[in-house]
Amino acid sequence: MIVLGIESTAHTFGVGIVKDGKIIANERDTYKPKEGIIPREAMEHHYDVAPSIIQRALEKANVKLSDIDLYAYSQGPGIPSCLRVGYEISRYLSNKSKKKLIGVNHSIAHLEIARYFTGFDDPVMLYVSGGNTQIIVYKEGKYRVFGETQDIGVGNLIDRVGRALNIPFPAGPKIEELAKKGSKYIEIPYVIKGMDVSFSGIETHIKKLIGKESAENIAYSLQETVFSMLIEAAERAMAYCNKDSLVITGGVAANKRLNEMGKIMCEERNAKFKEIPLEYAGDNGAMIAYTGYLMKDYEQIDLKPIRNYRTDAVEIKYRKW
Ligand code: AMP
Ligand code: MG
């Protein structure tokens with residue numbers, strides 16, 4: 001069975017192809033705004049690149065459009081105008097070939113691809129991207145969000161601080177580089193309530209430090225503080241839910257310091273930790289195709305995009321327990 005999956009929830013338009021559960025193509029193009037995402041521009045970007053990305057994925061996989069048995073698309077959560085692109089294109093392709101279309105929850109797809117690459121059966125997932133920050137755990141037939149940000153995503157915080165420091169979007173890699181040169185820890189609010197974190201107060205606080213402290217020390221203190229919050233929440237989830245492995249995914253998972261903290265925490269509690277290949281940590285089409293493959297027997301009535309698609313709205317029927 002060959003599945004073609006389309007990702008278009010935010011800045012990335014991605015197409016993945018999976019054959020009998022194995023990834024055979026993963027192509028993408030990312031809209032790169034000067035500042036934050038402008039939904040209309042992102043949508044136009046996706047429509048513009050869609051034909052060539054689909055073509056490239058088919059060539060990589062060495063299959064034809066007529067070989068595709070099942071289509072999958074990222075149904076949400078995401079930016080409505082962006083979600084529409086994936087929906088319309090996948091609906092058109094599936095209608096034309098009279099093949100089934102599956103709507104995939106984007107956060108669950110991140111988790112399934114993490115399981116695919118790490119081989120961990122039942123990890124706690126720390127999902128850290130521009131727009132999302134969630135801790136997701138499987139429990140009784142559903143993936144459940146045990147903790148999340150109460151306001152902006154951690155990547156968004158990093159980008160906003162970056163903008164205030166005149167670092168172009170996305171600021172993550174540059175902040176990471178600066179942080180390596182920082183040596184003085186500046187006290188920053190540590191905002192964690194139970195399993196939830198919050199970043200907007202931290203943003204306000206840090207912006208007031210600009211000009212008074214060096215960019216290196218600000219970047220260093222920012223990373224040490226917010227990554228500790230995230231790892232603390234992830235550790236609590238592992239303890240509460242009795243899970244013995246952790247995966248970190250999303251664009252911020254590119255950060256070496258965050259991974260190092262995750263690894264240390266896991267070692268200390270005798271748990272497993274493995275990094276996911278960078279190509280599959282950020283938004284990608286392969287995770288949608290793969291999760292579509294897992295969901296191949298689902299009967300879905302409403303396939304329209306769901307902007308606030310909740311992770312626990314999906315009943316997980318393909319796991320053994
Ligand atoms: P995503 O939304 O999953 O594509 O992730 C994009 C976010 O990841 C942006 O907010 C980036 O600033 C952030 N990011 C990328 N690389 C790094 C890094 N090395 N350290 C921290 N954040 C990063
Ligand atoms: Mg994502």
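Two strands pair if DSSP finds at least two bridges between them. Strands themselves are DSSP runs (E, at least two residues) and helices are too (H or I, at least four), numbered from the N terminus. I note that this is a predicted model, where local features need pLDDT of at least 70, side-chain atom pairs count only at pLDDT 80 or more, and totals for chains, interfaces and linings use all residues. Residues are numbered from 1 along each chain as its sequence is written, chains are lettered from A and ligands numbered from 1 in the order in which they are written, and side-chain values use heavy atoms, with hydrogens and water left out.

**Entry 1: the sheet**

I looked up S7 (residues 133-139) and found 6 antiparallel bridges to strand S8 (residues 142-148). Ile 136 faces Val 145 of S8. The two strands make a hairpin with 2 residues between them, and Glu 140 in the turn has a positive phi of about 45°.

On to S6. S6 and S7 run antiparallel, joined by 4 bridges. Leu 126 has Ile 135 in S7 as its bridge partner. This pair is a hairpin as well, with 4 residues between the strands. S6 also pairs with strand S11 (residues 245-249), in the parallel sense over 4 bridges. There, Tyr 127 sits opposite Thr 249.

How many residues of S7 are buried? I count 6 of the 7, so S7 is largely enclosed by the rest of the structure. Buried means under 20% relative accessible area, exposed over 50%, partly exposed in between (1.4 Å probe, protein chains only).

**Entry 2: the metal**

Which residues coordinate the magnesium ion (ligand 2)? I find His 106 (NE2), His 110 (NE2), Tyr 127 (OH) and Asp 283 (OD), at 2.0 to 2.4 Å. Donors are N, O and S atoms within 2.8 Å of the metal (3.2 Å for Na, K and Ca); water is not among the atoms, so sites may look incomplete. The donor spacing in sequence reads H-x3-H-x16-Y-x155-D. Tyr 127 is in strand S6 (residues 124-128) and Asp 283 in the loop between helix H9 (278-281) and helix H10 (285-294), so the pair ties together parts 156 residues apart in sequence. Tyr 127 is buried at 0% relative accessibility. Asp 283 is buried too, at 10%.

**Entry 3: a parallel pair**

I followed strand S4 (residues 70-76) to S5 and found 6 bridges, with the strands parallel. Gly 76 is opposite Asn 105 in S5. Between S4 and S5 the chain passes through helix H2 (residues 80-97), a right-handed β-α-β crossover. Right-handed means that, with the strands pointing away from the viewer, the path from the first strand over the helix to the second runs clockwise. S5 (residues 100-105) has 5 of its 6 residues buried, so S5 is largely enclosed by the rest of the structure.

**Entry 4: Tyr 309**

Where is Tyr 309? I find it in the segment after H10. Is Tyr 309 buried or exposed? Tyr 309 is buried, at 13% relative accessible area. From its C-alpha atom to that of Asn 242, 67 residues apart along the chain, the separation is 27 Å.
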